[in-house]
Amino acid sequence: MNLILITSIFFITGLIFLRLLIPALQRYSPDIPNNRSSHKEIKPRGGGLAFVLVSLFSTLFYGNFSYLISLPLALISFIDDKYNISAKLRFMVQIFSSYLIIIYSPFDLLSNNLFNNLFYNICGILMVIFGTTIINFSNFMDGIDGLLAGCYAVTFLTIIFKFKFFWLVPLFGCLLAFLKLNWEPSKIFMGDIGSTFLGLIYFSAILHINKFEDQLCLIFIMGPIFIDALFTLIRRAYNRQLIFCPHKLHLYQRLVANGWTHKKVSIIYILNSTFISLSFLYGGLYLCFLSFISVC
């Protein structure tokens with residue numbers, strides 16, 4: 001009951017805050033459609049600011065400092081939503097943020113073994129690369145109404161239900177509020193500040209889980225999102241295209257370009273994540289893996 005109550009409180013708080021933000025973001029950070037856009041109207045971008053502020057406030061009650069550690073990434077992403085800062089600077093902040101999350105987590109393989117154990121250092125570096133990849137894949141997949149927010153809502157709810165990570169409840173409640181306003185036809189976009197912040201917090205949640213099998217299952221749950229991003233990256237590299245240049249070749253983008261509605265595409269991805277999540281909760285690693293493979 002407390003879980004429902006807290007979620008409801010932060011849902012209402014997030015909804016009020018987002019409605020107040022919309023006029024300001026419409027002026028500060030309008031998302032103007034271009035040839036890569038999947039929308040045709042100018043809409044406010046940067047709604048992820050609500051995630052950050054609500055989550056930071058909740059740190060006072062839950063004591064998990066992942067939100068605070070994510071603040072530099074959120075700040076640089078919010079500035080980028082407006083001014084398009086250099087990719088190198090953004091990438092450096094992403095690497096630094098992933099590093100800080102690892103240092104803070106129980107899986108710290110860097111600071112405790114620096115210059116002391118080569119194997120752990122290599123593992124730590126691979127974890128930084130993995131965290132940075134999650135951040136960028138989240139950003140890549142934030143292109144249509146409801147897609148990214150919906151899949152992350154399923155994943156965070158799974159983590160809360162399975163592992164009792166109640167520090168995620170405020171973010172989950174605010175995410176539901178955003179999803180209400182981001183569902184087709186959307187009134188606001190989360191922007192880079194939202195997509196990168198969600199990716200880093202998801203990475204932090206994975207590292208706070210003790211069993212590797214459970215960590216793997218949480219990656220499977222986000223499989224519909226990450227597999228789309230990964231396959232697109234591989235296909236573009238195979239075709240000798242510049243993989244870091246903007247494009248409109250993700251599966252979800254091609255479905256929309258061929259006449260599917262945002263709502264229909266997002267529901268398919270969200271249902272696939274839900275299917276994998278339920279397989280994990282009620283069948284463990286084996287059933288979760290089979291569900292992931294079937295979705296792929």
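Predicted model: local features only at pLDDT ≥ 70, side-chain atom pairs only at ≥ 80, totals over all residues.

A: **Loops and packed helices**

Lys164 is found in the loop between α7 (147–163) and α8. Residues are numbered from 1 along each chain as its sequence is written, and side-chain values use heavy atoms, with hydrogens and water left out.

Now let's look closely at α4. This helix has 13 residues and reaches 18 Å from its first C-alpha to its last, close to the 18 Å expected at 1.5 Å a residue; the expected span is 1.5 Å times one less than the number of residues. Leu73, Ala74, Ile76, Ser77, Phe78, Asp80 and Asp81 of α4 are buried, meaning under 20% relative accessible area, with exposed being over 50% and partly exposed in between (1.4 Å probe, protein chains only). The cover over these buried residues includes α1 (2–28), α2 (48–62), α5 (87–104), α6 (118–140) and α9.

How do α4 and α9 meet? The axes of α4 (residues 71–83) and α9 (residues 191–207) come within 7 Å and cross at roughly 155°. Axes are lines fitted to C-alpha atoms, for helices over the stretch in contact, and angles run from 0 to 180 degrees between N-to-C directions. That makes α4 roughly antiparallel to α9, a label for angles over 145 degrees. The crossing of the pair is right-handed: the near helix is turned clockwise from the far one by less than a right angle.

On the α4 side, the contact (heavy atoms within 4.5 Å) is made by Leu73, Ala74, Ser77, Phe78, Asp80 and Asp81, and on the α9 side by Gly191, Asp192, Ile193, Thr196, Phe197 and Leu200. Together they divide into six nonpolar, three polar and three charged residues. In this scheme Ala, Val, Leu, Ile, Met, Phe, Trp, Tyr, Cys and Pro are nonpolar, Asp, Glu, Lys and Arg are charged, and the others, Gly among them, are polar.

What follows α4? Just after the helix, Asn84 takes a positive phi of about 55°. Asn84 is found in the loop between α4 and α5, and counts as exposed because its relative accessibility is 63%.

At 1.5 Å a residue, the 15 residues of α2 should span 21 Å, and its end C-alpha atoms are 21 Å apart, which agrees. Among the buried residues of α2 are Gly48, Leu49, Phe51 and Val54, and the buried residues of this helix pack against α1, α3 (66–69), α4, α8 and α9. Just after α2, Gly63 takes a positive phi of about 75°.

Terms used. Helix = DSSP H or I, 4+ residues; strand = E, 2+ residues; numbered from the N terminus. Parallel < 35°, antiparallel > 145°, perpendicular 65-115°, else oblique.
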